[in-house]
Amino acid sequence: MLNHPSTVLLLRRHYLFAKLPGQVFEDVCALATLKRLACHDILVRQGEPAKRFFLLVSGQIKLYRLNVEGQEHLVEIIQPGQTFAEALQFSQAHSFPVSAGALKDCVLVSIDGAHYRHALQDQPQVCLAVMASMSQHLHQRLRDIDTLILPNASRRVINFLLQECDPSDGRVELQVSKRLVASKLGIQPETFSRTLHRLVDEGLISMQRRSIQILALDRLADYPG
């Protein structure tokens, strides 16, 4: 049962739960559990039954797939306050399509999927919010696919920078290591680093550890790669 006040409040403020009637929300909390992971622990593995979904309270979770050679491909990084695997509770999928592992020590809320789905039957506003979230994730996945099908590795890196930059100041803050970013782009870490350094030499970006500043947005967008 979930009863820690700050965690319950975090859950209550999330759009998936904010519009649930009081008793319904309490019932959801009664079946929710708090889970702790140490860095590098595995939460779920690709192919395991998908009976629960999760809200990350603290830490950082990576979602990834393994190809037939056993190589890891990063799908998404989950930050505190975000949920994941909720869409599976409304599909015909019976297993997790990705694995989830801790990049830092983590605290998560684990929610019973079947009970939550049942609780939504008379809550159309919450259903609309869930649908909106799924739509946003779909658009992000389509953007990721558009980047991955580019044959030129440099263009993959440039597209990533353009998508991730803050439009107000042109800054890109890498939330994970360059190795993991390279995995998400489907390229080798050495290729990612080499491309970044070439863009620095061209005067298109500057770098300081995980902080990248785009210096010439138009030139970067037109860079041949």
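Predicted model: local features only at pLDDT ≥ 70, side-chain atom pairs only at ≥ 80, totals over all residues.
Start with the whole chain. The C-alpha trace spans about 60 × 40 × 30 Å along its principal axes. Of the 225 residues, 40% count as buried. The protein exposes about 12300 Å², and carbon and sulfur atoms supply 53% of that area. Now think about which parts of the chain touch each other. Among contacts with a separation of 6 or more, 70% are between residues 24 or more positions apart.

Next, let us see how some of the helices meet. Two packed helices are described by the angle between their axes and the distance between the axes. Find helix α1, residues 5–13, and helix α2, residues 22–31. Their axes come within 12 Å and cross at roughly 125 degrees. An angle from 65 to 115 degrees would count as roughly perpendicular, and one over 145 as roughly antiparallel. The crossing of α1 with α2 is right-handed. Which residues meet here? From α1 come Val8, Leu11 and Arg12, and from α2 come Gly22, Phe25 and Cys29. Sorted by class, the residues of this contact are 4 nonpolar, 1 polar and 1 charged.

On the α6 side, the contact is made by Lys178, Arg179, Val181, Ala182 and Leu185. On the α7 side, you will find Pro189, Phe192, Ser193 and Leu196. The contact of α6 with α7 divides into 6 nonpolar, 1 polar and 2 charged residues.

Helix α7 has another partner to explore, helix α5, which covers residues 153–164. The axes of α5 and α7 come within 10 Å and cross at roughly 70 degrees, and therefore these two helices are roughly perpendicular to each other. In α5, the residues to look for are Ala153, Ser154, Val157, Ile158 and Leu161. They meet Thr191, Phe192, Thr195, Leu196, Arg198 and Leu199 in α7. By class, the contact of α5 with α7 has 7 nonpolar, 3 polar and 1 charged residues. Follow Phe192 and Leu196 in particular: they are listed in the contact of α7 with α6 and again in the contact of α7 with α5.

Finally, let us zoom in on the backbone in two loops. Most residues other than glycine have a negative phi. His40 is not a glycine, yet it has a positive phi of about 80 degrees. You can find His40 in the loop between β1 (33–37) and β2 (42–44). Ala85 also has a positive phi, near 80 degrees, and its place is in the loop between β6 (83–84) and β7 (99–102).

Are these two residues buried or exposed? The cut-offs are under 20% relative accessible area for buried and over 50% for exposed. His40 has a relative accessible area of 64%, so it is exposed. Ala85 has 17%, so it is buried.

Key. Residues numbered from 1 in each chain as written. Heavy atoms only, no water. Axes fitted to C-alpha atoms, helices over the stretch in contact; angles between N-to-C directions. Helix = DSSP H or I, 4+ residues; strand = E, 2+ residues; numbered from the N terminus. Left-handed = near helix turned anticlockwise from the far one by under 90°. Contact = heavy atoms within 4.5 Å. Nonpolar A, V, L, I, M, F, W, Y, C, P; charged D, E, K, R; others polar. Buried < 20%, exposed > 50% of the residue type's maximum accessible area, 1.4 Å probe, protein only. Areas by Shrake-Rupley, 256 points an atom, 1.4 Å probe, with all protein chains shown as cover. Parallel < 35°, antiparallel > 145°, perpendicular 65-115°, else oblique.
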